[in-house]
Amino acid sequence: MSKKTLIVIGNGMVGHHFLEQLVATPAAADFDIKVFGEEKLLAYDRVHLSEYFGGSTHADLAMGTADWYAENNIDLRLCEQVTGIDRDNQTITTPVGEYSYDELVLATGSYPFVPPIKGNEHPHCLVYRTLEDLDSIRASADGAKTGVVVGGGLLGLEAANALKSLGLDAHVVEFAPRLMPVQLDSDGGALLKHKIEELGVQVHTEKATTEIIEGEDARLRMNFSDDSHLETDLIVFSAGIRPQDALARASDLAMGERGGIVINDQCTTSDPHIHAIGECALWSEKIFGLVAPGYTMARTLASVLSGDEEAAFTGADMSTKLKLLGVDVGSIGDAHAQTPGSRNIRFNDEQAGHYRRMVISEDGKTLLGAILVGDNSHYDTLLQYALNGIELPEQPETLILPESQGGAPTLGPDALPETASICSCHNVSKGDICGVIDAGCSDLGSVKTETKASTGCGGCAALLKNVVDSELEKRGVEVSKDICEHFPYSRQDLFNIVKVNGIRTFRTLIREHGKGHGCDICKPAVASILATCWNEHILATDHVPLQDTNDTFMANMQKNGTYSIVPRIPGGEITPDKLIVLGEVAKEYNLYTKITGGQRVDLFGATLSELPDIWEKLIAAGFETGHAYGKSLRTVKSCVGNTWCRYGVQDSVGMAITLENRYKGLRAPHKVKMAVSGCTRECAEAQSKDFGVIATENGWNLYVCGNGGMRPRHGDLFATDLSDEELIRTIDRVVMFYVRTADRLQRTSVWMENLEGGLDYLKQVVLEDSLGICDELEQHMADLVGTYQCEWKTAVEDPEKRKRFREFVNAPSKKDPVQQWTTERDQRRPVVEGEPA
């Protein structure tokens, strides 16, 4: 029997997914498959498009290879645009020739909508859709200072983040009264706006652009309908999408009133031999703007063409879980409570910046929708309640209340039914996961390979891992300790890989030892490892995308978007002249000043653009960064010791200064604190620190792995009566062994609790050198000490690094209107909600 010809027009994510599904079926053997794509590049992951600015290449984002198409006998024709469809003769036309088909699939996607604004054709007016678009944005940003994104939706905020990563002063202009109007309500949108403005992106809502003209201080000027204006060097339009349906329209297929190719439940158009999937298709008067519904359509059509008469597309879950500019945002189901009789439960913590809303059914038994801003930790549980119709607990509000108010009832993997949808992008249920585990998958990676779960938007990654871990443990399989889905290694393994192979960038590490593009778990962990191994500046070009917010700006961001500065004061010892400088700087910049519990002076209220100037003044006076923003050594607290105290038996101040200067800048899995007490009266509270030193008449006693905070733990006595040299050598070894072997974000106290063999084992390794690694540990510490640099000083002396600390490039004296102040006890502080400024 001769084969039929199947032609697919469009080589995007949905078109590629359709091919993957089809070739996995026996029906693929019945077709000669041809694929036509306009772009010159193979299908790539547009969901992670922004990572292109972080160093990812097309190869990193590509969804397949040319070899894959060849191996599956697919004739791929890139850069060959289809210009016509002849339905009567069942042919398509391209500039190259004419091709017959038996079945035709339209996977042409969509195109960015550019509002009809006068002046939008300017060369520096761009869109955000393809890699070529991103190349154009990058070129336009060269020499530019300011960029504006028109559109405050999902992609618009992604684009704003991209502009920010290019070093531009980024603005978002939104026509609606709030950001993400489709997913969020007014309270959620307002909080998201506040948080994004705290991160340095200016948001302008309820702004209608009337024209774009030449600017006076920048390339362009946007005039708004309220007679205000905004000048910018480039504009990126991200105001929604429109279905790419021109071919279908020209061939007289049934169309929606506002565009889109009408399809039925089998993804077939008004022509029985032509099908449409993805963002070009209109199903039940809906155009879906997310990849998950497109994938579901692709699976449905592959089943239909395979002869499955039951296959049908019945809609798709539009829930969304994202981290936009570092801010958690989640939207589930009927987030706007449009279901008749529905009721709302809201939790709004303005202090912490968390907003949660549940929409429940009239009888209070079913979750219909939800909105989360600022904290997505409740998302997975809420999504399962909504998707699977799980009956809500008697007090449903506990699902969104913080733990201090009762905590949410646990909905662990065991509570989910077999039909529970784990990955909506690829329609993977808990039952599917159990099935592949029973068939032999024994780790997260193999489950993902078999099911494709978490390979779409990635929003289900945490839930998937929980389910896989739970099911493996039930079957007696040891659960993987992989740091995340991108690296099949623990943090300790990654440390060894980086160190042994001399790897100096995240890009190299993930290319040679991982997969994908990284996540918020592995990127900061690898940043810490790289810093520990090589001590390069954290704002080096390759390292910037890995850092958390505080590390990025080398200061602690506070609740009103300003920053606090904590210069290092080793041992708490400070001269009167230095105290005067701190006072002068605080007075000049009107900074709130406070003595910390760690013998520091904390200076609050600096704006982003003030940071380099303040640092310069402090550096000139002999101060340096206290690393109060990093997972690194914070302070070495001390009492006054035998110099002044009647009871002191050793120079605790001198030892504290020695230890702080030795370990300053050291990056670790978590922050590290030390203290030195001059006698057993323990005025420095050394036993509550990660490393505590208490003087004896014969030397020093060393305590390790203590902790204050939420889970206080006294340190364990590790060694006694050490000389100065023995003390430092012992701490060197313990610190480096901790840095190398602890998990990410693991305090020394938890590390000790999880260390097999506990304190005795640690003593064997460090004091008896049972592993024969002590020389290496000491040498590594010596290398770090020898390559220390003050990160503030390096940043202010490098013009390129200094550019990152700009707020309003075109108006340097402009004050951020978001920051409102009042005076209390003769010092400036932020106003609280409802308080007059």
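Mentor: Happy to; here is a walk through the site, residue by residue. This is a predicted model, where local features need pLDDT of at least 70, side-chain atom pairs count only at pLDDT 80 or more, and totals for chains, interfaces and linings use all residues. Residues are numbered from 1 along each chain as its sequence is written, and side-chain values use heavy atoms, with hydrogens and water left out.

An unreviewed UniProt entry places the annotation "binding site" on Cys 639, Cys 645, Cys 679 and Cys 683; positions follow the numbering used here, feature names are shortened, and annotations may be inferred rather than shown by experiment.

Cys 645 belongs to the loop between β32 (633-638) and α19 (652-663); helices (H or I, at least four residues) and strands (E, at least two) are DSSP runs, numbered from the N terminus. With 28% relative accessibility, Cys 645 is partly exposed, while Cys 679, at 10%, is buried (buried is under 20% relative accessible area, exposed over 50%, partly exposed in between, with a 1.4 Å probe and protein chains only). The closest cysteine sulfur to that of Cys 679 is in Cys 645, 5.4 Å away and too far for a bond.

Cys 683 is found in the loop between β33 (672-677) and β34 (691-696) and is exposed, at 56% relative accessibility. Beyond neighbours within four places in sequence, Cys 683 contacts Cys 639 and Ser 677, where contact means heavy atoms within 4.5 Å.

Conventions
A disulfide is a pair of cysteine sulfur atoms within 2.5 Å.
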